[in-house]
Amino acid sequence: MKKLSARRRHPLAALVVLLLALACTGGLYAVFAPADKAQADETAQSLTIEEGKKLYTVGCASCHGTGGQGTSDGPSLVGVGAAAVDFQVSTGRMPAATSQGAQVPRKKNIYSQAEIDQLAAYIASLGAGPAVPTEEQYGPEGADAAKGGELFRNNCAQCHNFTGKGGALTHGKYAPSLEGVAPKHIYEAMLTGPQNMPSFPDTTLSEQNKKDVIAYLNAVNGDETESPGGLSLGGLGPVSEGLFAWVFGLGALIAVAVWVAARTAKAKKS
Amino acid sequence: MSSQDIPEENLPAAQDTSQGAVKLADEQNPFADPGLPPHEPRVQDIDERAAKRSERVVALLFTVSMLATVGFIASYVTIPVDKSVFIWPIGHISALNFALGMTLGLALFCIGAGAVHWARTLMSDHELADERHPIEAAPETRAKVMDDFRQGAKESALGRRKLIRNTMFGALALFPLSGVVLLRDLGPLPGTKLRHTLWSKGKLLVNMNTNEPLRPSDLVVGSLTFAKPEGLEEHDHEFQTEIAKAALMLVRIQPDDIKDKRSLEWSHEGILAYSKICTHVGCPISLYEQQTHHALCPCHQSTFDLSDGAKVIFGPAGHPLPQLRIGVNDEGYLEALGDFDEPVGPAFWERG
C-alpha cells in the first residue's frame, strides 16, 4: 500500500487511473448490455413468407406498420424488394434503435441468414422490388477494375472518397467507409439506395457496371491492397497529407534544430 | 560530451580572461557597453583526445552517407519496381520506394549532421565583432566622382547635340511598347462563351455510365444519374472544356414533393436536371441526399435544396443551381428543351 501511495504523484499516474477506469466501464458494459437475441436454429427451414411475416411482426412492425405500410417512425416497405431487406438487416442497420441520431449506423447483425431470407421473402411479397443479387452478379469474374474506377469516380467518389474511405455529409450524416463491406452488400446498396444514398438502378448503372465498381473497390480498398507510397494516412487526400507534413515533418525539423542549439558545446562545469 | 576528464589548468576559470574584460556601469557612465562575455573554450579546444573523437564521429557520418548513396544506386539497379514488402507499421509498401527513400534520406541527413557536428565541435568558435564602417564615402572620393561625371557630360556633348539627345529619348520611350503589345495575348475576352453550353433544343440526355440516351423509365425515384449532351464523346478534343459547363445531374423526386412551381414545370414527371457545377467557385457538386433532396458541395459546404428550385440553403454559393428544361421526344427519350437560361457555374464580373 505504501508503495502504491508513493507512486500516486507520478506523472503517469493519471493516465494509469484513466485506463483502469475505461477498462472497468467497458467490462461492465459488456456484462450488462442486453444480450443478442437468441439465434434461431439453423435447421433447414423452408423459406416461407409466413415465417417471414412472423419475424416481421416481432422485429419490424412497430416502426414499419403491421403490413409494411410504414408509420411516422419508419418508411413504407412496399416495393423496396428483397435486396433492401438483405442489405439493411445483414449489415445490422435494421432493426434500428428507437432513438437514433442523424443516421442509422452499421452494427452487429442479430438474425441468421435463413431468417433474413424469410424476412426478404415476406417484404418482396408486398410489392415488386429488386431481388437479392447472386454471387455471379457481384463476383470478380469478368469484371474490369479500371472501368470500375472510372465509374466509381463519376458516381460514388463525391461522397465515399476516391478509394471508398467515406466522408461527411450534412447535419451529422455521413457516407460510411466501404472498407470490409461484403461485395453483396455494396451491390445491394447501389441497387436500393439505403437511407440518404441515392440509388443506381440497373437501367442507369448496368449489372456489368456494378460488377466493375466492386472489382475496383476490392483493388484499392481490399484486404490485400498495397500502398506503394507508404503511409496512406487514411486515404483522405491532400488534407491529411498536408497536415502530416506540417505537423510531423516540420515538427521534427524544429525539434532537431532546438535540440542542436540547446546542447552547448562549451566545456563548462555545471 | 562530459567534462570529467579535463585537466584542471585547462578549465575556463584558469584561462586568460583578459580578452573579454568587462566594463562595469558607474556614476559617470550608467549605460556602459558591457562588451562580449569572456570566450569559453570547448572540450575539443583543450583536449586533443576529444577533438580526435569528434573528428572520427564526423568522418563516420560522412562515410555512412557515402554508403547510403551506394545503397541508393544499388537499390535502384537491383530491386524490381513491382516488388512489395510488409513493413510495420506502414503496411504493404513498394520495396523500391522504401529503399530509395530511406537511403536518400540517410545520405542527406548524414551530410547535414556531419557538417553540423564538425562546425560545432572542431571549427573555430571565437566570437568576433565586425564593426560597421560608415556608409558615407570619403570627401575626396566624392569629389572625384562628381568631377568624372561633369567631364563625361561635357565630352558627350548631350546638351549641345540636340538631335542625338532627342532621338535617343524617342528610342528609349518607344522600346517598352513592344512589351505592351504582347499583353494582347492575355485576350481575347471570353465573349459569350460563359453564357452558353452545348445543350440546345432537341439534344438527347446521354447517360455518362452507359453512353446510351436516357428514357424517363430508367430513372427511379431516389436515383442519381449524370448525363452529357448527345454528340459529346470523351475522346473529343473539346470534351473537358465542354463538359465543364454542360455536366448535368439528374434526380427523380415525387412530383408532389417539388415545392418550386417553375422547377416542376421544367421537370419531366419529377425528373429534374440541374447543372452539376457549383455556383460558388465551380466545384462538381453531386453529394446528393435522396431523403432530404439536398445536394452538398464538397469544397465549401454550399447546400442546395433540389426539391425547391436548387435554392441555396447553406454555404457561400450566391445563386441556385441552374436548371435545364427537359421533355421527352417522339421516340420516348429525354431531351433538352433549350440551353440553360442563365450562365452555369460561378458568378463573373459581367454576369448581371
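Predicted model: local features only at pLDDT ≥ 70, side-chain atom pairs only at ≥ 80, totals over all residues.

Trainee: How far apart do the C-alpha centres of domain 1 and domain 2 of chain A lie?
Mentor: Chain A is divided into domain 1, at 49-126, and domain 2, at 135-221. Their contact takes 14 residues from domain 1 of chain A and 12 residues from domain 2 of chain A. Taken between C-alpha centres, the separation of these two domains of chain A is 22 Å.

Trainee: Where in chain A does UniProt place the feature "domain: Cytochrome c"?
Mentor: The annotation comes from an unreviewed UniProt entry, and it is given in two parts. Over one of these parts, residues 143-221, chain A is 51% helix and 5% strand, with end C-alpha atoms 16 Å apart. According to that record, the feature lies at residues 47-127 and 143-221 of chain A.

Trainee: How many helices and how many strands does chain A have?
Mentor: If you follow chain A from the N terminus on, its elements run α-α-α-α-α-α-α-α-α-β-β-α-α-α. Counting by type, chain A has 12 helices and 2 strands.

Trainee: Against which elements do the buried residues of α6(A) pack?
Mentor: Helix α6 of chain A, at residues 113-126, has 14 residues and reaches 20 Å from its first C-alpha to its last, close to the 20 Å expected at 1.5 Å a residue. Its buried residues include A:Ile116, A:Leu119, A:Ala120 and A:Ile123. The buried residues of this helix pack against α3 (49-59) and α5 (81-90) of chain A.

Trainee: Which residues have the most contacts inside the largest nonpolar core?
Mentor: That core has 81 residues. One of the two residues asked for belongs to α6(A), where it is buried, and, not counting residues up to four places away in sequence, A:Ile123 touches A:Gly68, A:Leu77, A:Val80, A:Ala82 and A:Val85. The residues with the most contacts inside the core are A:Ile123 and B:Leu248.

Trainee: Which element supplies the largest share of the side of chain B that touches chain A?
Mentor: Between the chains, 43 residues of chain B are in contact with 33 residues of chain A. Several elements of chain B each supply at least two residues of that side, among them α1 (43-46), β2 (91-94), β4 (224-229) and α3 (95-121). The largest share, 5 residues, comes from α3(B).

Trainee: How many residues lie between β1(B) and β2(B) in their hairpin?
Mentor: Strand β1 of chain B, at residues 84-87, is joined to β2(B) by 4 bridges, and the two strands run antiparallel. Across this pairing, B:Val85 stands opposite B:Ile93 in β2(B). The number of residues between the two strands of the hairpin is 3.

Trainee: Why is one side of β3 and of β11 of chain B left without a neighbour in the sheet?
Mentor: An open sheet with antiparallel pairing is formed by 5 strands of chain B, in the order β3-β4-β5-β6-β11. Because β3 (205-207) and β11 (323-324) of chain B stand at its edges, each has a single partner strand.

Trainee: Which residue is the bridge partner of B:Tyr274 in β11(B)?
Mentor: Strand β6 of chain B, at residues 271-275, and β11(B) pair in the antiparallel sense over 2 bridges. In β11(B), the partner of B:Tyr274 is B:Gln323.

Key. Residues numbered from 1 in each chain as written. Chains lettered and ligands numbered in written order. UniProt positions renumbered as here; feature names shortened; annotations may be inferred. Expected span 1.5 Å × (residues − 1). Buried ≥ 20, exposed ≤ 12 C-beta atoms within 10 Å, placed from the backbone. Contact = placed C-beta atoms within 7 Å. Core = buried A, V, L, I, M, F, W, Y, C linked by C-beta atoms within 7 Å. Pairing = 2+ DSSP bridges. Domains from an automatic or database assignment.
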